[in-house]
Amino acid sequence: MSASDENPAAPDQHLGDSTQAVHAGQERLKFGKSVTEPIAQTATYVFDSLNEFEEYKQGKRSHFEYGRYGNPTVSTAESKLAALDHAESALLFSSGMSAITTVLFAMLRSGQHIIIMEDCYRRTVQFCDLLGKFGIESTRVPPSDLAALEKAVRPETRVLLAESPTNPHLHVADLEKLVPFAREHRLRVLIDSTFATPVNQCPLDYGVDLVFHSCTKYLGGHNDLMAGSVCGRAGIISAVKEFRDVIGTNTDPNTAWLLIRGLKTLALRMAQQNATTQTIAEYVEAHPKVSRVFYPGLESHPDHEVARAQMNGYGGVVSFEIEGDLARTRQFVESLKIPYLAPSLGGVETLVSHPATVSYSDLSREDRLEIGITDQLVRYSVGIEDCADLIADIEQSLAGI
Ligand SMILES: Cc1ncc(COP(=O)(O)O)c(C=O)c1O
C-alpha cells in the first residue's frame, strides 16, 4: 500500500461541498505551519532503512515510494475529489482522457464488449473505436433509449459508459433507470459527470460504479490546468491505480496544487454559473432570432424532469440555434465581445464555440446533421462574469445579425 491509498480525511457526508473542498484531505498542521497545502515537488522519497522499505512493501506502513506511484500534494487533491463525489476513493490523472483510457484499459480485456452512449465526448467515442485494435468491441446507442440498450447487450458486455449532461445538447441520463438496468445485466456503469460537477450531481449516490471528471473544466475552473479524475469504491480504484502506476498517466504536484486551489471555490462558482446560465437560457429562448435552446433547466428540454429530480443545478453550458444560416451564425459568434472563441468550458472566462466549425469539422455536413450538429448551433459556456453584461453582449450581437 502506498500513502496515496489512504485518504487522510475520509469523506464526511455531513459536511457541505465548500467545507469539504477547503478542508478534506489536508493535515491541519502543514509544513512550516502554512495555511495552504505545500507543493511536494519531488520525484522520489527517502526510506530510513531497507527494513522500512520492506515494511512498506508488505503494507505494514504508509510511505510514498516514487513519483509515478503517488505524491502528497496529488493525494490531497484526490481526497478532496473523493469527498466531493461521495466516494471511498479517487485517482487523479494527467487529463480527462487519460482518466477514461486508463480505467477502460484496466477494466476490459480482449474478447469483452463495451456499450457507449453515442453522444459522449467525441474523443471518448473515438477511443472506444480504437479498443477494437485490442480485441474489445464497442456498440454505440442513442441516449435515453433503453430498448436500444437492451438490444446492444451481449454475454461478453462488461461496461456501460455514459455522459451526463452531454455536450452540446445537454442530454441527462436517467440514473434511476440506467443503474437497475446495468445491475440486471451485470454491467459496470461509468458516468462522465464533467458537465455537472459534484456540486450539481453525485452519480455514485445512485449506485453508479465510477464517476469521471475532466478536471480541466469546472473543477480546476480557471482554464489553466489539464487533469482528470475517477472516483468510486476503494477496491476498483486500487485496481485502476495499479494500472496507472504502470502506464504512467499520473499528474504532477503543481497541477494538483492548482486543482486544490480551484476546488476550494467550486461551489461558489457553480452557484453563480448555474444561475447566470439559467437566466441566459431563458433570455435566448424568448429571443426571436434564436430558434431553439438546449438547457436542462428549461421546461422545453426533453430531459428537464429527469434533471430536476437528479440534479441540484443545471450547469454552466447552454447551446442554442440562431434563426438563419451558417453565415449569420458565424457572424453572431464573432460579434460577441465578452466570450473568447475557444474550445473547452467550465472556467471563469465565458467561452463560445461553433461546434460545426470547431469540434465536428472533420465530419461531413450530412453526418453532422444526423447527430444534431446544425450550422446554426452555438455552444455558450458561461464563466463568472456579471450576468447583465453577458446578456447585453448577446443582445448587441443578435441585434447586428
Ligand atoms: C465531457 C468530457 N469528458 C472528457 C473530456 C476530456 O478531458 P480532457 O480534455 O481533460 O482530456 C472532455 C473534454 O472536453 C469532455 O468535455
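Two residues are in contact if their C-beta atoms, placed from the backbone, lie within 7 Å. The structure is a predicted model, in which local features need a pLDDT of at least 70 and side-chain atom pairs count only at pLDDT 80 or more, while totals for chains, interfaces and linings use all residues. Residues are numbered from 1 along each chain as its sequence is written.

**Confidence**
- The pLDDT is the predictor's confidence in each residue, from 0 to 100.
- The protein chain has an average pLDDT of 95, and 97% of the residues score at least 70.
- Residues 1-10 have a pLDDT below 50, and this stretch has 28 contacts in the model beyond near neighbours in sequence.

**Overall form**
- The protein chain contains 15 helices and 12 strands; these are DSSP runs numbered from the N terminus, helices being H or I with at least four residues and strands being E with at least two.
- The C-alpha trace spans about 75 × 55 × 35 Å along its principal axes.
- Of the contacts with a separation of 6 or more, 73% join residues 24 or more positions apart.

- An open sheet with mixed pairing is formed by 7 strands in the order 1-7-6-5-4-2-3; two strands pair if DSSP finds at least two bridges between them.
- Strand 1 (89-93) and strand 3 (137-141) are the edge strands, each pairing on one side only.
- Strand 5 (residues 188-192) pairs with strand 6 (residues 210-214) in the parallel sense over 3 bridges, and leucine 190 has leucine 210 in strand 6 as its bridge partner.
- Helix 4 (residues 96-107) lies across strands 1, 4, 5, 6 and 7, at about 45° to strand 7 (228-232); axes are lines fitted to C-alpha atoms, for helices over the stretch in contact, and angles run from 0 to 180 degrees between N-to-C directions.

**Arginine 368**
- Arginine 368 is located in helix 14 (residues 365-370).
- Leaving aside neighbours within four places in sequence, arginine 368 is in contact with Ala356, Tyr360, Leu363 and Ile373.
- Arginine 368 counts as partly exposed because it has 18 C-beta neighbours inside 10 Å; a residue is buried with 20 or more other C-beta atoms within 10 Å of its own, exposed with 12 or fewer, and partly exposed in between, with C-beta atoms placed from the backbone.
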